[in-house]
Amino acid sequence: MARARRIVVKVGSSSLTTASGGLDADRVDALVDVLAGVRGEGRGEGGPEKEIVLVSSGAIAAGLAPLGLARRPRDLARQQAAASVGQGLLVARYTASFARYGVRVGQVLLTTDDTSRRAHYRNAYRTLDQLLGMGAVPVVNENDTVATDEIRFGDNDRLAALVAHLVRADLLVLLSDVDGLYDGDPSKPGTSRIAEVRGPADLAGISIGSTGKAGVGTGGMVTKVEAARIAAAAGVPVVLTSASRAADGLAGRDTGTYFHSTGRRSAGRLLWLAHASTPRGALILDDGAVRAVVERRTSLLPAGIAAVEGEFTAGDPVELRDTEGRAVARGLVSFDAKEMPQLLGRSTRELARELGPAYEREVVHRDDLVILHP
């Protein structure tokens, strides 16, 4: 942890705002004090500054009080209105707080639609990498103002895990109002903190709560553990602790829960495709196509598709299902849904002769495909 040079830090709404809504300037300043100190540690060691990407919740919560809302609204339209007001307040607060250290911030708002497509994914990486290269701190949030239910990450914990992989981070730190993962309800006696998680077996039999204390965010311990699992499986170790213990967590001291990396870094876009994309439809594969895609890792050709479901356009994510309806893979489709009926069960050579050379290609290329159930 001490050697980590590029770090993604995620902070939840409850750590930045009051339960009734509105930013707590003292809490924001306290977090920035820690992050600014971490950035300068590299210089003290004779190397370059450490790089921080901050994934920050709080836009909707910050917009509650200014709009006269007593609690987080349930309908999407009012959530978007609160985000529209609150996002400006949130970034302005970070801008002023980091300015005390002569550090600039850059706002980056993402939806899953921005990150599951190849060109958009590359652009997101270039933007974040350039901001870091210019000495700025990217402040990342879900674009709640325009995101629909179909293109939302759902929580910033999962977004943080995916951003950590996107920017090739050395460490992900998840900050909330709980100082780690416990083997039971931390408010009850007899429970103890789980200091390390080396794999799924370490979590077997542990009941993980689903709600936060403050009631202003969307995530709870379930989403944090899931985010840690995603990041760890992608080769990024994770520290889960409270915002009040951020300095200890970033310094590698004994606090919170440390999730060891369990896998290797994979092609970045495939992680987004597996965990952040929302399928717009489904392709039903015959048994031969399932074996070819899952076992031999080949591209999906028209000949192996038995049926099509949903409305989608070329480039959209779709599920690949077996004849029993189980999703075995997910990929980016090369054709519109309305084109698919004439392609089913036919060879690419036959389609090229009848419809033209543009149809002599894969329906889902293997480079745009991720296996869900091997």
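This is a predicted model: local features need pLDDT of at least 70, side-chain atom pairs count only at pLDDT 80 or more; totals for chains, interfaces and linings use all residues.
D183 sits in the loop that runs between β5 (171–176) and β6 (196–197). Apart from its neighbours within four places in sequence, D183 is in contact with T191, S192, I194 and I206.

Another loop residue to look at is L67, found between α2 (59–64) and α3 (76–99). L67 has a relative accessibility of 39% and therefore also counts as partly exposed. Together with V85 and L89, L67 makes a nonpolar surface patch of about 210 Å².

Five strands form an open sheet with mixed pairing, in the order β10-β9-β11-β12-β13. The edges are taken by β10 (305–310) and β13 (369–371); each has a single partner strand, so one side of each is left without a neighbour in the sheet. From one strand to the next, the twist averages 25 degrees. Within this sheet, β11 (residues 317–321) and β12 (residues 327–332) are paired in the antiparallel sense, over five bridges. R321 has A327 as its bridge partner in β12. Helix α10 (residues 287–294) packs on the sheet, where it touches β9 (281–285), β11, β12 and β13. The direction of α10 makes about 110 degrees with that of β9.

Methods
Residues are numbered from 1 along each chain as its sequence is written. Side-chain values use heavy atoms; hydrogens and water are left out. Two strands pair if DSSP finds at least two bridges between them. Helices (H or I, at least four residues) and strands (E, at least two) are DSSP runs, numbered from the N terminus. Axes are lines fitted to C-alpha atoms, for helices over the stretch in contact, and angles run from 0 to 180 degrees between N-to-C directions. Contact means heavy atoms within 4.5 Å. Patches are made of residues with over 30% relative accessible area and no salt bridge: like charges are joined within 9 Å, nonpolar side chains (Val, Leu, Ile, Met, Phe, Trp, Tyr) within 5 Å. Accessible areas come from the Shrake-Rupley method with a 1.4 Å probe; for residues, only the protein chains shown count as cover. A salt bridge is a side-chain nitrogen of Lys or Arg within 4 Å of a carboxyl oxygen of Asp or Glu. Buried means under 20% relative accessible area, exposed over 50%, partly exposed in between (1.4 Å probe, protein chains only).
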